[in-house]
Amino acid sequence: MGTADLHIHSIYSHDATTTVRAILKHASDVGLNVIAVTDHDEIRGSLEAQQLAPKYGIEVVPGVEISTKDGHLVALFIETLPPAGLSMTDTLLHIGKQGGIAIAPHPFNNLPNSLSMEAVLGAMTNPRAKAVLRGIETHNMGTQNFDRVAQKLSIYLPLAKIASSDAHIYWAIGAGRTEFDGTTANQLRDAIENNATTPIPYEEEFSAKAIFSWVHRITLRRFGYASDAITSTQPITSRPLTDTMRRKIIKIKKDG
Ligand SMILES: [Zn+2]
Ligand SMILES: [Zn+2]
(Lines give C-alpha, C1' and ligand atoms only; values in the text may rest on other atoms or scores of the structure.)
(Ligands and ions follow the chains in the order given, each with its own letter.)
Protein backbone atom coordinates (compact mmCIF):
# COMPACT_ATOMS: atom_id res chain seq x y z
CA MET A 1 0.00 0.00 0.00
CA GLY A 2 1.13 3.54 -0.75
CA THR A 3 0.06 6.91 0.60
CA ALA A 4 -0.58 10.24 -1.09
CA ASP A 5 -1.19 13.83 0.02
CA LEU A 6 -3.05 15.43 -2.88
CA HIS A 7 -3.61 18.95 -1.58
CA ILE A 8 -0.46 20.96 -0.77
CA HIS A 9 0.29 24.66 -1.34
CA SER A 10 3.70 26.02 -2.36
CA ILE A 11 5.20 29.51 -2.30
CA TYR A 12 3.43 30.06 -5.66
CA SER A 13 0.18 30.37 -3.68
CA HIS A 14 -0.06 33.91 -2.28
CA ASP A 15 -0.95 32.49 1.16
CA ALA A 16 1.66 29.73 1.49
CA THR A 17 5.19 29.61 2.83
CA THR A 18 7.11 26.58 1.48
CA THR A 19 9.34 26.28 -1.58
CA VAL A 20 8.73 23.43 -4.01
CA ARG A 21 11.99 21.73 -3.10
CA ALA A 22 11.15 21.90 0.64
CA ILE A 23 7.74 20.33 -0.09
CA LEU A 24 9.44 17.48 -1.94
CA LYS A 25 11.96 16.97 0.85
CA HIS A 26 9.37 16.90 3.62
CA ALA A 27 6.99 14.66 1.63
CA SER A 28 9.85 12.24 1.08
CA ASP A 29 10.94 12.44 4.75
CA VAL A 30 7.45 11.54 5.99
CA GLY A 31 7.20 8.57 3.63
CA LEU A 32 4.60 9.75 1.11
CA ASN A 33 4.73 7.95 -2.25
CA VAL A 34 2.73 10.46 -4.31
CA ILE A 35 1.88 14.15 -3.80
CA ALA A 36 0.11 16.93 -5.67
CA VAL A 37 1.12 20.57 -5.34
CA THR A 38 -2.20 22.36 -5.81
CA ASP A 39 -1.66 26.11 -5.72
CA HIS A 40 -4.54 28.57 -5.96
CA ASP A 41 -5.17 29.16 -9.69
CA GLU A 42 -1.52 28.51 -10.53
CA ILE A 43 0.13 25.42 -12.02
CA ARG A 44 3.79 26.40 -12.41
CA GLY A 45 4.88 25.23 -8.94
CA SER A 46 3.19 21.90 -9.58
CA LEU A 47 4.98 21.36 -12.90
CA GLU A 48 8.28 22.37 -11.26
CA ALA A 49 7.63 19.79 -8.52
CA GLN A 50 6.95 17.11 -11.13
CA GLN A 51 10.31 17.83 -12.80
CA LEU A 52 12.29 17.73 -9.55
CA ALA A 53 10.44 14.75 -8.01
CA PRO A 54 12.76 11.93 -9.23
CA LYS A 55 15.60 13.40 -7.13
CA TYR A 56 13.43 12.91 -4.03
CA GLY A 57 12.15 9.40 -4.77
CA ILE A 58 8.48 10.36 -4.92
CA GLU A 59 5.95 10.95 -7.72
CA VAL A 60 4.13 14.22 -8.33
CA VAL A 61 0.71 14.48 -9.94
CA PRO A 62 0.33 17.85 -11.69
CA GLY A 63 -2.59 19.73 -10.18
CA VAL A 64 -4.16 22.99 -9.09
CA GLU A 65 -6.84 24.28 -6.72
CA ILE A 66 -9.16 26.22 -9.00
CA SER A 67 -11.42 29.00 -7.72
CA THR A 68 -14.70 28.20 -9.46
CA LYS A 69 -17.77 30.38 -9.19
CA ASP A 70 -19.19 27.72 -6.83
CA GLY A 71 -16.11 27.20 -4.63
CA HIS A 72 -12.70 25.56 -4.69
CA LEU A 73 -12.08 22.49 -6.83
CA VAL A 74 -8.88 20.41 -6.91
CA ALA A 75 -7.90 19.33 -10.45
CA LEU A 76 -5.36 16.52 -10.89
CA PHE A 77 -3.51 14.95 -13.85
CA ILE A 78 -3.85 18.15 -15.89
CA GLU A 79 -1.36 19.86 -18.19
CA THR A 80 -2.74 23.37 -18.47
CA LEU A 81 -4.45 25.68 -16.04
CA PRO A 82 -8.25 25.78 -16.31
CA PRO A 83 -9.61 29.35 -16.12
CA ALA A 84 -10.84 30.55 -12.73
CA GLY A 85 -14.36 31.88 -12.19
CA LEU A 86 -16.29 29.32 -14.27
CA SER A 87 -19.13 27.26 -12.81
CA MET A 88 -18.19 23.95 -11.17
CA THR A 89 -19.69 22.06 -14.13
CA ASP A 90 -17.81 24.06 -16.78
CA THR A 91 -14.57 23.70 -14.81
CA LEU A 92 -15.06 19.92 -14.63
CA LEU A 93 -15.64 19.80 -18.40
CA HIS A 94 -12.45 21.80 -18.94
CA ILE A 95 -10.49 19.39 -16.73
CA GLY A 96 -12.04 16.39 -18.49
CA LYS A 97 -11.08 17.67 -21.95
CA GLN A 98 -7.42 17.47 -21.00
CA GLY A 99 -7.74 14.03 -19.41
CA GLY A 100 -7.76 15.13 -15.79
CA ILE A 101 -9.90 14.25 -12.78
CA ALA A 102 -11.18 16.36 -9.87
CA ILE A 103 -11.68 16.19 -6.12
CA ALA A 104 -14.10 18.33 -4.10
CA PRO A 105 -11.91 19.85 -1.34
CA HIS A 106 -13.27 20.78 2.13
CA PRO A 107 -16.92 20.61 0.91
CA PHE A 108 -20.33 21.07 2.56
CA ASN A 109 -19.32 23.30 5.47
CA ASN A 110 -20.57 26.82 4.65
CA LEU A 111 -17.03 28.19 4.82
CA PRO A 112 -16.18 30.70 2.08
CA ASN A 113 -14.79 28.89 -1.00
CA SER A 114 -16.30 25.51 -0.09
CA LEU A 115 -18.54 23.71 -2.59
CA SER A 116 -22.13 23.23 -1.43
CA MET A 117 -24.09 19.98 -1.67
CA GLU A 118 -26.28 21.68 -4.30
CA ALA A 119 -23.25 22.59 -6.43
CA VAL A 120 -21.79 19.05 -6.25
CA LEU A 121 -25.09 17.27 -6.96
CA GLY A 122 -25.90 19.82 -9.68
CA ALA A 123 -22.60 19.16 -11.45
CA MET A 124 -23.18 15.42 -11.18
CA THR A 125 -26.40 15.68 -13.19
CA ASN A 126 -24.17 16.36 -16.22
CA PRO A 127 -22.78 12.92 -17.22
CA ARG A 128 -19.54 14.29 -18.69
CA ALA A 129 -18.89 16.42 -15.61
CA LYS A 130 -19.78 13.50 -13.32
CA ALA A 131 -17.18 11.36 -15.09
CA VAL A 132 -14.49 13.90 -14.10
CA LEU A 133 -15.44 14.41 -10.44
CA ARG A 134 -13.95 11.34 -8.77
CA GLY A 135 -13.11 12.20 -5.18
CA ILE A 136 -14.25 14.05 -2.08
CA GLU A 137 -12.12 15.20 0.81
CA THR A 138 -13.61 13.59 3.90
CA HIS A 139 -10.67 14.92 5.91
CA ASN A 140 -8.87 18.23 5.34
CA MET A 141 -6.42 19.26 8.04
CA GLY A 142 -7.26 22.96 7.57
CA THR A 143 -11.00 22.46 8.09
CA GLN A 144 -10.90 19.43 10.38
CA ASN A 145 -13.47 20.85 12.79
CA PHE A 146 -15.97 21.25 9.92
CA ASP A 147 -15.50 17.90 8.16
CA ARG A 148 -18.23 15.84 9.80
CA VAL A 149 -20.93 16.62 7.23
CA ALA A 150 -18.62 15.66 4.36
CA GLN A 151 -17.75 12.42 6.18
CA LYS A 152 -21.40 11.51 6.68
CA LEU A 153 -22.62 12.46 3.20
CA SER A 154 -19.66 10.81 1.46
CA ILE A 155 -21.19 7.42 2.28
CA TYR A 156 -23.97 8.19 -0.20
CA LEU A 157 -21.77 9.61 -2.97
CA PRO A 158 -19.97 7.48 -5.60
CA LEU A 159 -16.71 9.32 -4.95
CA ALA A 160 -13.32 8.16 -3.64
CA LYS A 161 -12.71 9.23 -0.05
CA ILE A 162 -9.64 11.42 0.26
CA ALA A 163 -7.75 12.76 3.31
CA SER A 164 -5.45 15.69 2.59
CA SER A 165 -3.37 18.16 4.55
CA ASP A 166 -4.17 21.36 2.55
CA ALA A 167 -0.76 22.32 3.97
CA HIS A 168 0.24 25.98 3.75
CA ILE A 169 3.23 25.26 6.06
CA TYR A 170 5.81 22.55 5.46
CA TRP A 171 5.43 20.45 8.60
CA ALA A 172 1.72 19.84 7.97
CA ILE A 173 2.44 17.95 4.72
CA GLY A 174 1.17 14.39 5.19
CA ALA A 175 -1.13 15.35 8.10
CA GLY A 176 -4.00 13.77 6.20
CA ARG A 177 -3.12 11.17 3.60
CA THR A 178 -4.90 8.79 1.26
CA GLU A 179 -3.95 5.11 1.18
CA PHE A 180 -4.15 3.17 -2.10
CA ASP A 181 -3.15 -0.17 -3.54
CA GLY A 182 0.27 0.43 -5.14
CA THR A 183 2.88 3.16 -4.93
CA THR A 184 2.74 5.06 -8.23
CA ALA A 185 0.68 7.98 -9.53
CA ASN A 186 -1.02 5.75 -12.11
CA GLN A 187 -1.99 3.19 -9.45
CA LEU A 188 -3.33 6.04 -7.32
CA ARG A 189 -5.46 7.25 -10.23
CA ASP A 190 -6.83 3.71 -10.70
CA ALA A 191 -7.71 3.55 -7.00
CA ILE A 192 -9.48 6.94 -7.12
CA GLU A 193 -11.41 6.01 -10.27
CA ASN A 194 -12.47 2.69 -8.72
CA ASN A 195 -13.51 4.34 -5.45
CA ALA A 196 -10.96 2.17 -3.66
CA THR A 197 -8.99 4.66 -1.56
CA THR A 198 -8.84 4.82 2.24
CA PRO A 199 -8.58 8.20 3.98
CA ILE A 200 -6.05 8.18 6.82
CA PRO A 201 -6.85 11.17 9.02
CA TYR A 202 -4.43 12.89 11.37
CA GLU A 203 -4.83 11.84 14.98
CA GLU A 204 -4.23 15.19 16.64
CA GLU A 205 -6.17 18.43 16.68
CA PHE A 206 -3.87 20.41 14.42
CA SER A 207 -5.76 23.56 13.49
CA ALA A 208 -4.66 25.89 16.30
CA LYS A 209 -1.00 24.89 16.05
CA ALA A 210 -1.14 25.18 12.26
CA ILE A 211 -2.73 28.65 12.35
CA PHE A 212 -0.10 29.93 14.81
CA SER A 213 2.70 28.49 12.70
CA TRP A 214 1.15 29.90 9.52
CA VAL A 215 0.94 33.45 10.96
CA HIS A 216 4.62 33.23 11.92
CA ARG A 217 5.69 31.95 8.50
CA ILE A 218 3.48 34.23 6.38
CA THR A 219 5.00 37.18 8.28
CA LEU A 220 8.47 35.88 7.41
CA ARG A 221 7.30 35.59 3.81
CA ARG A 222 6.43 39.30 3.79
CA PHE A 223 10.09 39.91 4.67
CA GLY A 224 11.21 37.70 1.76
CA TYR A 225 11.75 34.40 3.59
CA ALA A 226 10.37 30.93 2.88
CA SER A 227 10.72 27.44 4.35
CA ASP A 228 13.37 26.02 2.07
CA ALA A 229 15.95 23.24 1.77
CA ILE A 230 18.64 23.46 -0.90
CA THR A 231 19.03 19.68 -1.28
CA SER A 232 17.17 16.57 -0.16
CA THR A 233 19.74 15.99 2.59
CA GLN A 234 19.78 19.48 4.11
CA PRO A 235 17.27 20.51 6.78
CA ILE A 236 14.30 22.78 6.03
CA THR A 237 14.95 26.25 7.44
CA SER A 238 13.66 29.79 6.90
CA ARG A 239 15.81 31.16 4.09
CA PRO A 240 15.65 34.27 1.91
CA LEU A 241 13.91 33.56 -1.41
CA THR A 242 16.42 33.31 -4.24
CA ASP A 243 16.26 35.96 -6.98
CA THR A 244 14.95 33.33 -9.42
CA MET A 245 12.08 32.37 -7.11
CA ARG A 246 11.30 36.01 -6.40
CA ARG A 247 11.14 36.77 -10.16
CA LYS A 248 8.81 33.80 -10.76
CA ILE A 249 6.45 34.90 -7.99
CA ILE A 250 6.40 38.48 -9.34
CA LYS A 251 5.69 37.10 -12.84
CA ILE A 252 2.73 35.14 -11.46
CA LYS A 253 1.35 38.29 -9.80
CA LYS A 254 1.64 40.19 -13.13
CA ASP A 255 0.05 37.36 -15.11
CA GLY A 256 -2.73 37.14 -12.58
ZN1 LIG B 1 -9.49 25.51 -0.65
ZN1 LIG C 1 -6.08 24.46 -0.48
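Modeller: Two strands pair if DSSP finds at least two bridges between them. Helices (H or I, at least four residues) and strands (E, at least two) are DSSP runs, numbered from the N terminus. The model is predicted: local features need pLDDT of at least 70, side-chain atom pairs count only at pLDDT 80 or more, and totals for chains, interfaces and linings use all residues. Residues are numbered from 1 along each chain as its sequence is written, while chains are lettered from A and ligands numbered from 1 in the order in which they are written.

Colleague: Five strands form an open sheet that contains β6. Which are its edge strands?

Modeller: The strand order is β4-β5-β6-β7-β8, and the pairing is mixed. An edge strand here pairs on one side only. The two that do so are β4 (63-68) and β8 (160-164).

Colleague: Which residue of β5 is the bridge partner of E65?

Modeller: β4 and β5 form a hairpin with two residues between them. The two strands run antiparallel, and six bridges join β4 to β5 (residues 71-76). One bridge pairs V64 with A75 of β5. For E65, the partner in β5 is V74.

Colleague: How many residues of β5 are buried?

Modeller: A residue is buried if 20 or more other C-beta atoms lie within 10 Å of its own, exposed if 12 or fewer, and partly exposed in between, with C-beta atoms placed from the backbone. By that count β5 is mostly covered. Of its six residues, the number buried is six.

Colleague: In strand β6, which residues point the other way from I101 and I103?

Modeller: In a regular strand the side chains alternate between the two faces of the sheet. β6 covers residues 101-104, and all four of the residues named for it are buried. I101 and I103 point one way, and pointing the other way are A102 and A104.

Colleague: Which residue of β7 stands opposite A104?

Modeller: On one side, β6 pairs with β5 in the antiparallel sense over three bridges, and L76 stands opposite I101 there. With β7 (residues 133-140), β6 pairs in the parallel sense, also over three bridges. In that pairing, A104 stands opposite I136.

Colleague: Which residue stands opposite A4 in β9?

Modeller: This belongs to another open sheet of five strands, in the order β3-β2-β1-β9-β10, with mixed pairing. Its edge strands are β3 and β10 (198-200). β1 (residues 2-8) and β9 (residues 177-180) pair in the antiparallel sense over three bridges. There, the residue opposite A4 is T178.

Colleague: At what angle to β9 does α7 run?

Modeller: Axes are lines fitted to C-alpha atoms, for helices over the stretch in contact, and angles run from 0 to 180 degrees between N-to-C directions. Two residues are in contact if their C-beta atoms, placed from the backbone, lie within 7 Å. α7 lies across β1, β2, β3 and β9, and its angle to β9 is about 90°.

Colleague: Why do the buried residues of α7 line one face of the helix?

Modeller: The buried residues of α7 (residues 185-193) are A185, L188, A191 and I192. The arc in question is that of the directions from the helix axis to the C-beta atoms. Seen down the axis of α7, these residues line one face because they fall within an arc of 115°.

Colleague: Which term describes how α1 lies to α2?

Modeller: Helices α1 (residues 20-29) and α2 (residues 44-52) pack at about 55°, with their axes 9 Å apart. Angles under 35 degrees count as roughly parallel, over 145 as roughly antiparallel, 65 to 115 as roughly perpendicular and the rest as oblique. The contact is made by V20, R21, I23 and L24 of α1 and G45, E48, A49 and L52 of α2. The term for α1 relative to α2 is therefore oblique.

Colleague: Is I58 buried or exposed?

Modeller: I58 lies in the loop between α2 and β3 (59-60). Beyond its neighbours within four places in sequence, I58 has contacts including L24, A27 and L32. With 23 C-beta neighbours inside 10 Å, I58 is buried.

Colleague: Is V215 buried or exposed?

Modeller: V215 lies in helix α8 (residues 207-222). From A75, V215 is 140 residues away in sequence and 27 Å in space, C-alpha to C-alpha. With 11 other C-beta atoms within 10 Å, V215 is exposed.
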